[in-house]
Amino acid sequence: MALRVGIDLVSVDTVRESVSEHGEHYLARVYTEREVRDCTTPAGLDPERLAARFAAKEATLKVLRPGDVGVPWFEIEALRSADGWVGLELAGAAAKLAEEAGITELALSITHEGGFASAAVVASCASETGNQDR
Amino acid sequence: MIEEIRSIIRDHARLPVDVDTLADDTDLYQAGMTSHASVNVMLGLEDRFDIEFPDHMLKRSVFESIAAIAAALKDLQVSAAA
């Protein structure tokens, strides 16, 4: 078994600006409906939560090592469970990359503070040879 | 097309350098474009050229330089015309 780790940091202001400038176009190209729902508060969309989820997607890409394979951001979904912890669900090309790499488990942690959101992803892999040629 | 791409990069890539100082093949990520900024560049390109990047083109190499973006746009325009 081998481990892979990915980490990412996102400015909350840049996410706020993207929502303001591109609106639904931005949300639909990056986030799933469930993620948008998780990021919606009574006051509206929370850019800190969105930024944390974008960081989760990028941290996951660092774990998947896609090389020249296209992976839409919405195929990497960061979801909050009923008990408050966050986890990852993969679909499409992202799920295929994980399978090819022999990834058996993914763990995610996210945080936001001081205008930045960060995420760390750890993957356990059955082998370390899965997608080394990409 | 190159000048329009440069304009979109100027507006959306949040580069710490003047885009006019970059060659067409300069690596935009090396020049300071973040992954999140690349999303805004993609959205700006889609709005300006009335196209949608298909899933298989959502990868770093498509947005890594002005020349790479121009090549991708030409591919999309050829596909749309076919």
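Me: In this model, does Arg34(A) count as buried, exposed or partly exposed, and what is the reason?
Reply: The model is a predicted one, and in it Arg34(A) is found in helix H2 of chain A, which spans residues 33-38. A residue is buried if 20 or more other C-beta atoms lie within 10 Å of its own and exposed if 12 or fewer. Because Arg34(A) has 13 C-beta neighbours inside 10 Å, it counts as partly exposed.

Me: By class, how many nonpolar, polar and charged residues does the contact of H1(A) with H3(A) have?
Reply: On the side of H1(A), the contact is made by Val12(A), Val15(A), Arg16(A), Val19(A) and Val30(A). On the side of H3(A), the contributors are Pro47(A), Glu48(A), Leu50(A), Ala51(A) and Phe54(A). Sorted by class, the contact of H1(A) with H3(A) has 8 nonpolar, no polar and 2 charged residues.

Me: Within what arc do the buried residues of H4(A) fall, seen down the axis?
Reply: Helix H4 of chain A, residues 92-100, has Ala93(A), Ala94(A), Leu97(A) and Ala98(A) as its buried residues. What covers them includes H3, strand S4 (76-80), strand S5 (86-90) and strand S6 (103-113) of chain A. These buried residues line one face of the helix because, seen down the axis of H4(A), they fall within an arc of 140°.

Me: Which residue just after H4(A) takes a positive phi?
Reply: The helix H4(A) covers residues 92-100 of chain A. Just after this helix, a positive phi of about 70° is taken by Gly102(A).

Me: What is the phi of Arg65(A), and where does the residue lie?
Reply: Most residues other than glycine have a negative phi. Arg65(A) is not a glycine, and yet its phi is positive, at about 50°. With 15 C-beta neighbours inside 10 Å, Arg65(A) counts as partly exposed, and its place is the loop between H3 and S4 of chain A.

Me: Which element gives the most to the side of chain A that touches chain B?
Reply: The contact takes 18 residues from chain A and 12 residues from chain B. By class, the chain A side has 10 nonpolar, 5 polar and 3 charged residues. The elements giving two or more residues to that side are H1 and H3 of chain A, and the one that gives the most, with 8 residues, is H1(A).

Me: Where around the axis of H1(B) do its buried residues lie?
Reply: In helix H1 of chain B, residues 2-12, the residues Ile5(B), Ile8(B), Ile9(B) and His12(B) are buried. What covers them includes helix H2 (35-49) and helix H3 (66-81) of chain B. Because they cover an arc of only 100° around the axis, they lie on the same side of H1(B).

Me: Which residues is Leu22(B) in contact with, leaving aside its neighbours within four places in sequence?
Reply: Leu22(B) is found in the loop between H1 and H2 of chain B, and with 18 C-beta neighbours inside 10 Å it counts as partly exposed. Leu22(B) and Ser65(B) are 43 residues apart in sequence and 9.4 Å apart in space, C-alpha to C-alpha. Leaving aside the neighbours within four places in sequence, the contacts of Leu22(B) are Val17(B) and Ala31(B).

Me: Over which residues of chain A is the pLDDT below 50?
Reply: Chain A averages a pLDDT of 92, and 94% of the residues score at least 70. Where pLDDT is low, the predicted coordinates should not be read in detail. One stretch has 13 contacts in the model beyond near neighbours in sequence although its pLDDT is below 50, namely residues 130-134 of chain A.

How values were computed: Residues numbered from 1 in each chain as written. Chains lettered and ligands numbered in written order. Predicted model: local features only at pLDDT ≥ 70, side-chain atom pairs only at ≥ 80, totals over all residues. Contact = placed C-beta atoms within 7 Å. Helix = DSSP H or I, 4+ residues; strand = E, 2+ residues; numbered from the N terminus. Nonpolar A, V, L, I, M, F, W, Y, C, P; charged D, E, K, R; others polar. Arc of directions from axis to C-beta. pLDDT = per-residue confidence, 0-100.
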